[in-house]
Amino acid sequence: MKSSVVSSKNLIRLQSAISRSFLQHSSKPISQTPFFIPIFPTNTINLYNQRYQNLQIQIRSNSSSIMSSSAFKPEQAGLPPALPLPSPLLTKFKIGICQLAVTPDKERNIQHARKAIEEAAQKGAQLVVLPEIWNSPYSNDSFPVYAEDIDAGHDASPSTAMLSEVSSRLKITVVGGSIPERCGDKLYNTCCVFGTDGNLKAKHRKIHLFDIDIPGKITFMESKTLTAGETPTIVDTDVGRIGVGICYDIRFQELAMIYASRGAHLLCYPGAFNMTTGPLHWELLQRARAVDNQLYVATCSPARDAGAGYVAWGHSTLVGPFGEVLATTEHDEDIIIAEIDYSILEQRRANLPLAKQRRGDLYQLVDIRRVGAH
Ligand SMILES: NC(=O)CC(=O)C(=O)O
């Protein structure tokens, strides 16, 4: 156990001390440290990370240093403030969510995805979202075989070459689900976002690998073959600021909160939940992420194939900022077309001004990367 005593005049100093301590002492990359450091205005703060199991900082607090909620001002926290919602080119538009049937035939999967994107665009979608692992069966045996070198592009990555071509030809934004990515000797589960010019705007590698063991129900270990991504991914597009997560990433609310604090309008989660967790958790998690953060959440699953090694739950969905399911589907192949209107975000945030009502004197969100960049 490491222990040090910090004489703090106020929580601002304490906060920066904690952040510096994390950034200096951890041998892990910043993104492997927790996104949150809980702040308790009591005498003891316990911080945990993988190396310093019990780094304890004691605070000799005097009661006057603890700000009362009524006096608390977020800017006094010494942390980067939440960013306001930006003004994208389009604030009201249609989203197309393509729940695709996936087969072992990669070339067919690519052509099939292309057709679905074209159909969604033809129905008016200016943003199209694809499922998790849409060019390959979802299995540890398949990932290395179907993986593409996205950075090398073109012939080395026919799946993303198609996404780039179709997004520029149709002048739409594409959140390209995910595919297995090969980079050197590593494999990732990776989502590429293409802008209306066909350029790759962002690449999100699944941060939280799906390792689950519910005996008799489902055991799956992505970590057998995949490596976890290291960065949250938020991207400005013509259709708003989008935070990207892949499937299991949706279970980690800190990631969604960080996206919200960075001004996201919409969170997109390509995801393939399963027949055990899907019925209970899939919609619940989407609605929770949306209502807690007062933004839109879109999910896109592969269609269910009862004969596949991994059977996807399906039920791709769009949820609004009040936690309302705006559009959803069953488990078969389908294309959801639904409207997104960002003026409703402002409205809901005025109805329920959660950001202003947060008790920053009791707890705070620390976006490690933004603190580190300060
Ligand atoms: N497949 C996943 O990544 C996640 C999932 O199915 C679950 O969290 O349950």
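S142 is in contact (heavy atoms within 4.5 Å) with S136 and P137, neighbours within four places in sequence being left aside. The side chain of S142 also makes a polar contact with the side chain of S139, at 2.8 Å. A polar contact is a pair of N or O atoms within 3.5 Å; within protein, one must be able to donate a hydrogen and the other to accept it, and residues adjacent in sequence count only if both atoms are side-chain atoms. S142 lies in helix 3, residues 142-146. Helices are DSSP runs of H or I with at least four residues, strands are runs of E with at least two, and both are numbered from the N terminus. With a relative accessible area of 10%, S142 is buried; that term means under 20% relative accessible area, against over 50% for exposed and in between for partly exposed, using a 1.4 Å probe and protein chains only.

The model is predicted: local features need pLDDT of at least 70 and side-chain atom pairs pLDDT 80 or more, whereas totals for chains, interfaces and linings use all residues. Residues are numbered from 1 along each chain as its sequence is written, and side-chain values use heavy atoms, without hydrogens and water.

**Ligand surroundings**

The ligand is surrounded by Y138, K206, F210, C247, Y248, R251, A272, F273, N274, T277 and Y310, a residue being near when one of its heavy atoms lies within 4 Å. By class, this shell holds seven nonpolar, two polar and two charged residues.

Accessible areas come from the Shrake-Rupley method with a 1.4 Å probe.

**The chain as a whole**

The secondary structure of the chain comprises nine helices and 18 strands. Of its 374 residues, 51% count as buried. The accessible surface of the chain is about 16600 Å², and carbon and sulfur atoms account for 52% of it. Among contacts between residues at least 6 apart in sequence, 69% join residues at least 24 apart.

An unreviewed UniProt entry lists residues 93-342 as "domain: CN hydrolase"; such annotations may be inferred rather than shown by experiment. Residues 93-342 are 24% helix and 31% strand, and the end C-alpha atoms of the span lie 9 Å apart.

Technical notes:
Nonpolar A, V, L, I, M, F, W, Y, C, P; charged D, E, K, R; others polar.
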